[in-house]
Amino acid sequence: MGDVAARLAEIVGDKNLLTGEAISEDYAHDEALTAEPQKPAYVAKPATPEEVAELLKAASEFNVPVTARGSGSGLSGAARPRADGLVISFERMNAVLEVDTGNHVAVVQPGVTLAELDAKTAEAGLSYTVYPGELSASVGGNVGTNAGGMRAVKYGVTRNNVLGLQAVLPTGEILRTGGKTSKVSTGYDLTQLIIGSEGTLALATEITVKLHPRLTHGATVLAPFGDLAQVMAAVPAILSSGLAPHILEYIDNLTMAAIVYNEKLELGVPDKIRETCEAYLVVALENREGERLTEDVETVGELLGELGAVDVYVLEGPAARKLIEAREKAFWTAKAAGADDIIDVVVPRTAMPEFIAKSRERAMAAGGGALGCGHAGDGNVHFGIFCKDAGKRKQLLTDIFAHAMELGGAISGEHGLGRTKAPYHQDLEDPAKLELMRRIKQSFDPAGILNPGVLFPEGTA
């Protein structure tokens with residue numbers, strides 16, 4: 001251990017290498033509910049891609065497992081290190097290197113938070129549109145998990161908004177993939193392969209992201225419905241109308257009650273409606289002109305009424321902002337309520353009513369519950385799972401994930417597999433696909449040092 005620490009300190013400097021008691025609890029976990037915290041043996045804080053390269057070469061030489069860390073806000077255990085491992089923390093690599101207004105891109109280091117990038121792009125009247133619900137999340141962490149969020153219905157997820165990377169392979173090579181161009185048809189798309197790989201193939205040290213014009217006028221429409229099937233039937237009609245909402249969310253009544261109480265929201269919904277509706281649809285619209293926005297709000301209000309909404313409430317200013325912020329904090333609401341796990345299954349959006357109903361039935365049969373909300377526009381269902389018995393909960397999740405895959409969906413839409421969902425993926429995925437993924441992993445990481453146990457359970461990669 002002394003030889004390893006000495007080598008790592010040579011690379012980043014003594015003050016940027018932590019060992020033993022100097023490693024705080026914060027480096028031991030992310031926000032996954034079922035991954036026990038584990039302090040690593042070393043935490044290194046590089047300042048340059050070259051230092052990252054040297055750290056990875058040293059880790060390969062000494063066979064030290066490596067976990068990359070941004071803000072630690074992930075929900076799948078991918079940032080939970082090994083006890084004998086090295087955490088490479090990107091907290092010092094946190095600069096917005098460039099905002100290129102001509103090409104509508106920004107070039108950033110992986111430790112930049114979404115809040116920091118948003119502030120910088122706002123100065124140019126532009127916006128990076130991936131908002132996974134936690135503005136303290138790092139751009140590098142978003143790349144690792146292919147984070148999504150509520151605005152994905154209009155703007156897509158991380159992979160739709162990253163044009164290029166500088167990345168370091170575990171063997172120490174520094175490579176560039178993509179760039180400021182919006183199209184590439186030259187060989188394998190390594191940018192997209194690295195995005196969503198959860199730190200198992202390479203570590204991104206520079207990221208080129210797509211920017212969009214910042215639209216200054218916005219409004220949020222809240223529509224309670226008598227049953228969830230009506231909510232889901234309304235979604236394709238809204239998307240077919242040409243209104244292009246940037247947020248289209250469903251929230252079940254119990255989750256809405258919890259976030260209203262926790263955040264002390266005043267939404268103007270009468271008690272009688274709150275007590276009888278089953279779910280809400282949240283539709284957020286934006287425009288560069290106030291008059292056009294008003295027309296769109298009127299149109300969506302009329303459409304929602306035709307589609308069976310009990311009533312329609314137009315929220316503007318603080319009320320709209322607080323509701324969206326509360327929805328983004330739904331994970332914390334579920335955690336505070338005692339959820340035993342959080343899942344983010346994705347299915348074709350037309351399959352959402354069947355999937356949600358069946359998942360709730362299964363949870364009740366297991367003596368628990370499945371409550372939550374989700375991105376109705378893209379089929380991403382977020383459940384807080386309440387089931388104290390570990391054995392029953394494992395079977396419940398297996399059944400829920402299997403059903404999603406049967407419907408043409410996947411275990412995770414945006415949180416990733418990490419350590420917590422990797423065993424289910426191992427059991428349920430096509431063996432041919434798993435074997436191909438292992439070969440890809442081996443080609444990038446022949447020593448197997450990058451995030452062992454993530455995506456592939458220990459001993460299966």
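This is a predicted model: local features need pLDDT of at least 70, side-chain atom pairs count only at pLDDT 80 or more; totals for chains, interfaces and linings use all residues.
1. Salt bridges overall. The count comes to 28. One of them joins the side chains of Lys335 and Glu31, at 3.6 Å from N to O. This pair links distant parts of the chain: Lys335 sits in helix 12 (residues 330–336), Glu31 in the loop between strand 1 and strand 2, and 304 residues separate them. Lys335 is partly exposed at 36% relative accessibility. Glu31 is buried at 17%.

2. The loop around Ala32. Ala32 lies in the loop between strand 1 (17–19) and strand 2 (42–44). Its relative accessible area is 11%, so Ala32 is buried.

3. A buried pair. Glu249 and Arg327 form a salt bridge, with the closest N and O atoms 2.8 Å apart. Glu249 belongs to strand 13 (residues 247–252) and Arg327 to helix 11 (residues 317–328). Both are buried: Glu249 has a relative accessible area of 1%, Arg327 one of 8%.

4. Glu414 is in the loop between helix 14 (390–406) and helix 15 (422–428). Its nearest side chain of opposite charge is Arg327, 6.0 Å away. The cut-off for a salt bridge is 4 Å. Glu414 does make a polar contact of 3.0 Å with the side chain of His375.

5. A negative patch. Glu291, Glu295, Glu298, Glu302 and Glu306 form a negative surface patch. Glu302 is in helix 10 (residues 290–306). Glu302 is exposed, with a relative accessible area of 55%.

How values were computed:
Residues are numbered from 1 along each chain as its sequence is written. Side-chain values use heavy atoms; hydrogens and water are left out. Patches are made of residues with over 30% relative accessible area and no salt bridge: like charges are joined within 9 Å, nonpolar side chains (Val, Leu, Ile, Met, Phe, Trp, Tyr) within 5 Å. Accessible areas come from the Shrake-Rupley method with a 1.4 Å probe; for residues, only the protein chains shown count as cover. Lys and Arg count as positive and Asp and Glu as negative; His and the chain ends are not counted. The place of a charge is taken as NZ of Lys, CZ of Arg, CG of Asp or CD of Glu. Helices (H or I, at least four residues) and strands (E, at least two) are DSSP runs, numbered from the N terminus. Buried means under 20% relative accessible area, exposed over 50%, partly exposed in between (1.4 Å probe, protein chains only). A polar contact is a pair of N or O atoms within 3.5 Å; within protein, one must be able to donate a hydrogen and the other to accept it, and residues adjacent in sequence count only if both atoms are side-chain atoms.
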